[in-house]
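Hi there,

Here is the structure I promised to pass on. Have a look at it first, and then read my notes below.

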Amino acid sequence: KEAEEVFKVKKSSYSKKIVKQLKKEYKEDLEKSKVRTEVNSPTDVEPPLEKTGQIKDIGQEDGTANSEHGEEEMEVESEKEEEKPKAGGAFSSALSSLNVLRPGEIPDAAFIHAARKKRQMARELGDFTPVDNEPGKSRLVREDENDASDDEDDDEKRRIVFTVKEKSQRQKIAEEIGIEGSDDEALVAGEQDEELSRWEQEQIRKGINIPQVQPSQSAEVNNLYYQNTYQTLSYGSSYGIPYTYATYGSSETKSQKTDNTVPFKTPSNEMTPVTIDLVKKQLKDRLDSMKELQKANRQQYEKHQQSREDSTKAIERLEGSSGGIGEQYKFLQEMRGYVQDLLECFSEKVPLINELESAMHQLYKQRASRLVQRRQDDIKDESSEFSSHSNKALMAPNLESFGRDRVIYQEQVKRRTAEREARRARRRQAREQTGKMADHLEGLSSDDEETSTDITNFNMERDRILKESSKVFEDVLESFYSIDCIKSQFEAWRSKYFASYKDAYIGLCLPKLFNPLIRLQLLIWTPLEGKCRDFETMLWFESLLFYGCEEQEQVKDDADISLLPTIVERVVLPKLTVISENIWDPFSTTQTSRMVAIVQKLVDGYPSVVNAENKNTQMLLKALLLRMRRTLDDDVFMPLYPKNILENKNSGPYLFFQRQFWSSVKLLGNFLQWYGILSNKTLQELSIDGLLNRYILMAFQNSEYGEDSIKKAQSVIACFPKQWFANLKGDKTISQLENFCRYLVHLADTIYRNSIGCSDVEKRNAREQIKQIIKLLASIRALDHAVAVANDHNVKELKILIEGK
């Protein structure tokens, strides 16, 4: 430890001094080398020095330098005897390089070593002048002083290194025990390489364990020289430690030399001595600081633990209070994607569905138009056949004088006549087989029979449309065209998250969403046909029947409750409107009865939908009225023949007249079937003003007065709804029937006049007919006319006739 204290000195304190001294030595040695003889001598082996471009001090003191110099002299003595003849050439080359150094140039390590060896050889050859204090020998004294300085420089040279100094052992010890604030710059030195550390340890060992050898003559001289030079500054005096040389390998030490020693105080920049109390104090302080740090860390750890527990509780609380928001969000995202895909699918398929629906409607319309046109052609053909020649010309106004078109027209008439008579014969045969021939009247049957060709073409086109409709969704997954699958998706939404379901107005969107699929199923639905299936028995109706009707309490203003009525409004009513306008034939009692039945069912079953305020209902009723007016204007025809022509009941004109009369009565009955659906005013306008007063009364006036006229009048009155007359007040009937009542009064007077002068039987029959007329007037609430007829013809059973109406 004492040896380590010796070498721990600031490195920067000797660097400038060494350079200055080397320059001085170089100049003096250069002068002496001119007069001295070059001598070969063995060179000492110095420890390797590295050139790093920077000179550093290793912190050696003067006492250590003297001890090392003494060791070097002993090594020179022993090597001089053995290797004197060997090293002549190497040293001569080193000496020759002394003259090469330019003035002002800093010498390197090899140059310094060569100069030092040169001075050593001069001493050995006797070229050494002892110390003399005489004034005349000032130059020798200066040279001796230079020699002493050389020895001193030689010691300082041992401190010159050209590598980065590694941390010393003292620095490592100081860092381990935690001593801070030292003024020793060795504690903050950079890292040293391993070679310098080994060399430093070797120098420490040399300074402590120098073996005792017998000095030679030259060594004695040198000792005298060194004593004179360093007598005021001994080895141990400057550091306060004894100057001791220990024999290498010996356990005893020589007696300490206390001669010429002057004690000095320790420099102020030295480090405080390390004691056990100091180490204990440092360790204790460090332990206390670590305990405080541990305490702070533990408090921080506990704080983090508490924060973690609070965060966990907050997460659990938020997850519990969220009410499944995450699942709801995921579900709604899935529904959003599903609905987008469904709408994209429908955007591709709805145009195809519209085309198929239009094609089917067009097919039925063509068939209905063909039947209506055929009936109109038959009426024209029969009317022209039984009219005068001039009237026949009017029936074919575009005939040429050459008769070419006339021939074609006559051929068409003959063909249509043959087909018409064939159909009538088949219907007559069918009635005979069923036993309805006696009750049948010509004109009451609907001539809606089709040819086999028309039926085949119709069925082929119908099958083609159905085949195309089956391919509409063949490339689509079932979940995007099945009503059950789509319904299940929205039912799940309704049952899980009803609030968002209601906020999204899904109840209002579902009818429009199901509209294409339902229209596709209703593609061949035509209520005018007897084999048509009721829409309430279809799959879509059964699937959606209980939608939104869960066991839980119903929410007020729930739109899902009106799902089916809304579908009926938006799907069924528009389809019925198209059927009424283009397919329905008012002359057909069967079609009219079926049409009235389906509309009445909607009125009774869906009163919230089928009402006067609903736009679709208004469009349906408007289509019905337009179709009836068109029939009234285009299809009703009443021929006028003289009575002498009608007297022959087997003639063609009579049969044609009767057929047209009864067809008009049938149409009147078909119109009046809409009672309860259409308003009374509208029905009275159509049936009484448009048909009865315009056509039927004209036929009554041309008919034979008698039993036949009373029978026809009874058939007409039978068509009137009884509700029209139930609530009438007074003795008058409705104003539109005044013409019909006057005709009945005129009929009674005519029968009475015709019975005058006849037999009692005929008079009795005439009186019974007058009583029937009174009943007919009483049945339509025309009491004023009934009383007048009874008074005119002395009928006393008026009260009984009125009550037995």
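Where is the place of R781? R781 sits in the loop between helix 28 (760-779) and helix 29 (783-792); helices here are DSSP runs of H or I with at least four residues, strands are runs of E with at least two, and both are numbered from the N terminus.

Before going on, please note that this is a predicted model, where local features need pLDDT of at least 70, side-chain atom pairs count only at pLDDT 80 or more, and totals for chains, interfaces and linings use all residues. Residues are numbered from 1 along each chain as its sequence is written, and side-chain values use heavy atoms, leaving out hydrogens and water.

R781 has a phi near 70°, a positive value in a residue other than glycine. R781 is partly exposed, with a relative accessible area of 21% (buried means under 20%, exposed over 50%, partly exposed in between, with a 1.4 Å probe and protein chains only).

Y505 also has a positive phi, near 55°, and is not a glycine. Y505 lies in the loop between helix 16 (498-503) and helix 17 (506-521). With a relative accessible area of 54%, Y505 is exposed.

Now for a pair of helices. The axes of helix 23 (residues 652-672) and helix 24 (residues 680-701) come within 10 Å and cross at roughly 165°; axes are lines fitted to C-alpha atoms, for helices over the stretch in contact, and angles run from 0 to 180 degrees between N-to-C directions. That makes helix 23 roughly antiparallel to helix 24 (over 145 degrees; under 35 is roughly parallel, 65 to 115 roughly perpendicular, and the rest oblique).

Enjoy exploring!
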